[in-house]
Amino acid sequence: MTQGLSDLDTGPGRLADRLDTVELAARTPDDEQPYAELGLKSDEYARIRDILGRRPTTAELAMYSVMWSEHCSYKSSKVHLRQFGDLPPSDALLVGIGENAGVVDVGDGYAVTFKVESHNHPSYVEPYQGAATGVGGIVRDILTMGARPIAVMDSLRFGRADAPDTARVLPGVVAGVGGYGNCLGLPNIGGELLFDDCYAGNPLVNALCVGVMKHEDVRLAKAEGVGNKVILFGARTGGDGIGGVSVLASETFDAEGPAKRPSVQVGDPFTEKLLIEACLEIFAVDLVTGIQDLGGAGLSCATSELASAGTGGMHIDLDTVPLRDSTLTPAEILMSESQERMCAIVEPAKVEEFLAVCRKWDVLATVIGEVTDGDRLTVDWHGERIVDVPPRTVAHEGPVYERPMQRPADLDALQADDAARLPRPVTGAELEAHWLAVVSSPDGADKTWVTEQYDRYVRGNTVLAQPEDAGVVRIDEESHRGIALSLDGNARYARLDPYLGAQLNLAEAYRNVAVSGAKPLAVTNCLNFGSPEEPEVMWQFAEAVRGLADACRELGLPVTGGNVSLYNQTGDVPINPTPVIGVLGVHDDVRRRVPSGWRQEGETVLLLGETRPEFGGSAWASVVHGHLGGRPPAVDLAAERTLGDLLAALGREGLITSAHDLADGGLAQTLAESALRHGVGARLHLDGDPFTALFSESTARVVVTTSDPGGVKTTAQWAGVPVTELGTTGGAALTVDGLLDLPLDELRAAWSATLPALFGSPEATIGTVPAGTVPTS
Amino acid sequence: MRIGVLTFPGSLDDVDAARAVRLAGGEPVALWHADHDLKDVDAVVLPGGFSYGDYLRAGAIAARAPLMQDVVDRAKQGLPVLGICNGFQVLCEAGLLPGALTRNSHLHFRNRDQVLQVERADTAWTTDYSEGQRIVIPVKNGEGRYVAADADLDRLEGEGRVVFRYVDGNPNGSSRDIAGVTSEDGRVVGLMPHPEHAVEDLTGPSTDGLGFFTSVLKAVVAA
């Protein structure tokens, strides 16, 4: 495809030796153009001709093709996503959907911006660079809002843990997330790592970034003020990532397709770190009137979005763009997704000062154009006009589809295949075996193999990080104000019922934030689905969006933004619908945060919430029986809200010493994690059916420990939350009276061995290298 | 007491080092790599990070920064200098400390809470510890494996210039479990682990790192 454009601009062919100018396009209306190769449908191409009143030039065609791609235009998802914008207004929301990231008021004049974004397709093609540039891209989105990025999270999904391709993709993805984030100096405070056969060939790499600023420092992406200069700064423009959004992110992989590696960008976190510091210095002295980062669709996106959101007029002299490769054609320059670039709108009187800050940080900055009168975006190449378009038609008025939808034909059978029919463990020995199996499964196992590769300490404000339920970051050292974040997405539930699945994921993220002692404030989401051209996938998508919007309305939370990743399928097999939901919460005082692990012996272990026999989509059914069927657990958002309020009260009063949410793996998983955190066991008594108690995944439940069980029970009763006393912490085992006695050593061995066994144990070489056998200085 | 914290392009833990100085009771002073101005500081911290993106070799380019010439000159006259992680790499590249830091033996970046044994409690940065004391501070690096020629290692051991050793597991394959070393006069100390990340109960695994910064304040007074 890249080759095709090069041919058109400079190589042999009908346009050989001619620059395809606006004037030429008007004279040669019937020239055939490779719109299909660029991912445009014939009716979309016809619409472009209609808008322009002529055929587009090669450069214009390039711009429209990337900006009208699914990835940039949200053309299949837009009609559904409107439900998020239609949610009741929230006092907390300072900037809503439509900007690079939403901005939330967290008190004391602070504003927080956060967003999660996918980089799924690039990470499959080139795991390290795909994941690294996924982090880089979301960090620039946050920076663009005027915020200092303060932390990242990552939500990762791969095919079966023991599949050979997982061994190819996972280590590179983890190293890429770590390599980029570590080098930027951003702590990684949490995330997810899950495995399922449905992600074979379509791994999901979703990265979240959060940033903080003062209210008055919020920046917007718009070009205003005729005569203001357009400055491109950061890295030079190269040939990497050309057509990344249209070729990679908006098409399914097929087995025979050509290698797509040239469409993946290459990251340079050092340049991005300089860009961050330069930008923050530029913001501090108020040198920009508008700013936009260059991500998917590169300059095409930045220029058209800035102009479209502003007064409309902009002129660019494309030959002034600093290049890494001087042979790039104008169309390629417009489409390049070279990383670590930003575009600013600067008043002429401030240009010199702007450039001086960039020089200080060794950041290349170039004036490439200016804001103009009128409403046209024009681009010249060595004095010849190659683009003359209404920018809104490129950026904001792309095609919108109401895709056909159809409930999956297999859904009735799937929902009828109730997990309740599966053989259950009865004896203590059977229960213990199933407990170990769930906890040591790749989804349930210790994630240290991954998280050790991430810096969680940098900047010195990380209060809680993985493996805690939520990441907690201090934002003010004087007042101790801080934020909490969680990212969750159970795709098994969403496969069984996408409406409820999305709500369950929101409920879990909400609960995880509440467990840390924070008040949930706002929601972001990354919606990973198969091809929108398949009616059954489109139905799943629509149901998930409707479910999420309804749940946000009930919980009173705004959706501040998000990202849609479609075409996650190989051939005609889509991934399970995977809505990954992020919830942001605020801590008035992070010193009152509640951790998930047990530290003290002799404390009372209490279960808050009600347990019902709910096993559909459970980790137990999946791990023990390889089963996915039935209905997911019931959603009770009122109970979630009550539980969240109760947790906040318990944390505020200092009544609990730990709190850990129950989710996949149920009580079995939660007890194991809390005990293993600091090696403190417990003696427990389970009333009723121990299997249901241990493995049900009923929602709105949390385990807490306390030295004041009476105080907790009174408060919970007052709130109307059921309390069950489970036992007392202490000892070196999880003992269930009359049933089983699971030594923590055994539990830890099983839990921590899984990922090193699959992906290699770094310990093997530690300390075994004799001194003197390595190169010397 | 003015403690300089030197920022190179790509330095990351400079804010943390400044906070640690402040919590210890000192006055942190921001130093910029491109200036020839040490701003009358009484000691210098070279913080962690990826100066110049670790390009060429970790610390190699930063070691040649303008201000590093001043740091090297003053260090030879006894100015206390602490190099943490990337700062340690810079000190080795600048020739202020012997040896080199290479890629971790297991080839992964590793972040964990690490037990260290204090081997020298009489350097400018360690007087608030006691010899043989065990402390827990975070380690986080991809190129932290300390190496030197056997003869050099023997000499360092003989001269008592190993300041810290890894205990309960060597996180990066460093020779003889060496986590940090000092100059002949005990004024310059470099180590891979991060004491500045262990200065508050709220954010660190311990407050064991604070002793570095309280120690140097005393060393400056004594000098």
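**Notebook: strands, sheet and chain contact**

I began with strand S4 of chain A and found that 6 bridges join S4(A) to strand S5 (residues 188-195) of chain A, the two running parallel. Helices (H or I, at least four residues) and strands (E, at least two) are DSSP runs, numbered from the N terminus. Two strands pair if DSSP finds at least two bridges between them.

I noted that this is a predicted model, in which local features need pLDDT of at least 70, side-chain atom pairs count only at pLDDT 80 or more, and totals for chains, interfaces and linings use all residues. Residues are numbered from 1 along each chain as its sequence is written, while chains are lettered from A and ligands numbered from 1 in the order in which they are written.

**Entry 1: around S4(A)**

I then followed the chain from S4(A) through H9(A) to S5(A) and recorded a right-handed β-α-β crossover. Right-handed here is defined with the strands pointing away from the viewer: the path from the first strand over the helix to the second runs clockwise.

I next examined strand S6 (residues 204-214) of chain A, which pairs with S4(A) in the antiparallel sense over 9 bridges. Within that pairing, Gly211(A) of S6(A) is the bridge partner of Pro149(A).

I asked why S4(A) is largely enclosed by the rest of the structure. The reason I recorded is that 10 of the 11 residues of this strand (residues 148-158) are buried. A residue is buried if 20 or more other C-beta atoms lie within 10 Å of its own, exposed if 12 or fewer, and partly exposed in between, with C-beta atoms placed from the backbone.

**Entry 2: the open sheet**

I traced an open sheet of 6 strands in chain A, with the order S14-S15-S16-S21-S17-S18 and mixed pairing. Its edge strands are S14 and S18 (559-565), each of which pairs on one side only. I noted an average twist of 20° from one strand to the next; axes are lines fitted to C-alpha atoms, for helices over the stretch in contact, and angles run from 0 to 180 degrees between N-to-C directions.

I followed S15 (residues 471-474) to S16 (residues 482-488), an antiparallel pair in chain A with 4 bridges. Val473(A) has Ile483(A) as its bridge partner in S16(A), and Arg474(A) stands opposite Gly482(A). I found 7 bridges from S16(A) to the antiparallel strand S21 (residues 578-587) of chain A, where Ile581(A) stands opposite Asp488(A).

I checked how S16(A) is covered and counted 7 of its 7 residues as buried. In a regular strand the side chains alternate between the two faces of the sheet. On one side of S16(A) the buried residues are Gly482(A), Ala484(A), Ser486(A) and Asp488(A), and on the other Ile483(A), Leu485(A) and Leu487(A).

**Entry 3: chains A and B**

How many residues does each chain bring to the contact? I found 35 from chain A and 37 from chain B, where two residues are in contact if their C-beta atoms, placed from the backbone, lie within 7 Å. On the side of chain A that touches chain B, H9 (164-184), H11 (269-284) and S14 (462-464) each supply at least two residues. The largest share, 4 residues, comes from H11(A).

In chain B itself, I looked at S7 (residues 134-141) and found 6 of its 8 residues buried. S7(B) pairs with S6 (residues 110-118) of chain B in the antiparallel sense over 8 bridges.
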